[in-house]
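Have it open while you read.

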Amino acid sequence: MRRRVTPVPARAGAAAAALVLAGAGALLGAAAGTAQAAEVSYATHCVPPAGVADPIDGTTKVEITAPATAKVGDTVDITWKFVQAASKNPDIIDLPANTVQPSGTVKAAGAQAADIAMQGPRENPAIPKGGDMVLSDMTGSLKLTSPGELTLTPDAYTVNAYGTNTVCTPTGTVEKAATIEVTGSGSSGSASPSDTTSASTSPSGSASPSDSASASASASASDGTGSGQTDFTGKEVDIPYACKTPIGDKSATSPVQINAKKDGGSFDLTVQFNGSVMDSPADIPAHSVKPSMEVVLGGADKGTVHVEGPTNSSAIKSGDPIEIPDLTGTYKPGASGESTLSPGVLTVEALGTTTTCTPTKTEVSLTLDTAQQASGASGSTSTSGGSSSSSSGGLAETGDNSNGALKALGLVAGTAILLGGAVFTFMPRKRLR
């Protein structure tokens, strides 16, 4: 049974009101205990994007809301409310509304141990230079597996704005913020947090890929537990992307294909952008463009798999075509059954800028019969193909008004802006080899 709780009333003020609107929920089911919340403060060390400025130390104030009582087998919803973030908007640019997104982790301990993934929508009021960072409420969920006292403690969090990440971690002991008295007996499955990512909380603020995309639209393949098959070719699907570039929003559609090769209990994935290239708007040095993607799992399995491609091996002259290379990574199944793979959020880093493209709708490219592996991907992000985060961080106030900070925000002039605005202007062209 799934329990959803309502966060406590927001404090006065426009910033707090925005947080309440972002994170409010409804209590479902009479059996859930009364919601309770407590505010905790902790010293925090925030690391801004590389090359922006030195790290900053500040204080984070958080309210964690959860039901006071629940039963083994229940899935409880948890809300993280930022009373105060450990950062401000640097004196560089005004941040428009709905450009900042938080994510983080709540530590569960006592009756069971788990790292609960939390994420909020990209919803915020306009934040002026030097203004307080106003972050939306983050939500997550946990399936209760053991009786006893379960404590919830806020941990590290990240903030994302304009494709830049700031990671904030506690520098000392953090007090527990909520306690759930879990009744019942025995164990009720995995202690892993439930996958709660929805379209409203995708990393780029646009509709996120649906885990329930129809498998009938995919290329179905068996993992060959008895057939010996090892290579699986996915279906080419046209994916419409909403892209946030350093100079504005862009839209583009690209044909994408996901292929797999079985390697023991895992699968080596290759994601191809077939026939999707553009002409370079400027001279681009070698090793300055790097793409990556989060492949979305559905069906029996949940979560994402990080895949990435190499940087451009040689310089690209103005007017020459730019091609997205094959993206590769490893999928380690976290569940047994029929699992689907769909194109997800695509990111391209180029010349100090970041362009993030999120599918406005998606389609299954490949379906695999999978067998659960230890520490598999179910309900989380599989990172064996490269470093990944289901959501990424943001901006800390550093007092640095240098060009380095501007570059990290993708606001440099000339070539970088031209590239950032044009990276995903897809044009029909045969795939280059």
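The points below cover the nonpolar cores and then the salt bridges.

1. Ground rules. This is a predicted model, where local features need pLDDT of at least 70, side-chain atom pairs count only at pLDDT 80 or more, and totals for chains, interfaces and linings use all residues. Residues are numbered from 1 along each chain as its sequence is written, and side-chain values use heavy atoms, with hydrogens and water left out.

2. The main core. A nonpolar core here is a set of buried Ala, Val, Leu, Ile, Met, Phe, Trp, Tyr and Cys residues joined through side-chain atoms within 4.5 Å; buried means under 20% relative accessible area, exposed over 50%, and partly exposed in between (1.4 Å probe, protein chains only). The largest such core has 42 residues, and Ile 64, Trp 80, Leu 142, Leu 152 and Tyr 157 touch the most other members. Strands that each supply at least two of its residues include β2 (35–47), β3 (56–67), β5 (75–84) and β9 (148–161). The largest share, five residues, comes from β9. Strands are DSSP runs (E, at least two residues), numbered from the N terminus.

3. Leu 152 up close. Which residues does Leu 152 touch, not counting those up to four places away in sequence? Among them are Ile 64, Ala 66, Ile 78, Val 106, Ile 116 and Ile 180, and also Lys 107 and Lys 176. Contact means heavy atoms within 4.5 Å.

4. The other core. A second, separate core of 26 residues includes Tyr 241, Leu 297, Val 305 and Val 307.

5. Salt bridges, starting with Asp 115. The whole structure has four salt bridges, each being a side-chain nitrogen of Lys or Arg within 4 Å of a carboxyl oxygen of Asp or Glu. One of them joins Asp 115 and Lys 107 at 3.0 Å, N to O. Asp 115 is partly exposed at 44% relative accessibility, and Lys 107 is partly exposed too, at 33%.

6. Asp 231 with Lys 261. These side chains meet in a salt bridge at 3.3 Å, N to O. Asp 231 sits in β14 (residues 231–232) and Lys 261 in β16 (residues 248–263), so the pair ties together parts 30 residues apart in sequence. Asp 231 has a relative accessible area of 44% and Lys 261 has 42%.

7. Glu 363 with Lys 235. Here the N to O distance is 3.1 Å. The partners are 128 residues apart: Glu 363 is in the loop between β25 (353–359) and β26 (366–370), while Lys 235 is in the loop between β14 and β15 (237–245). Glu 363 is partly exposed at 24%, as is Lys 235 at 33%.

Methods: Helix = DSSP H or I, 4+ residues; strand = E, 2+ residues; numbered from the N terminus.
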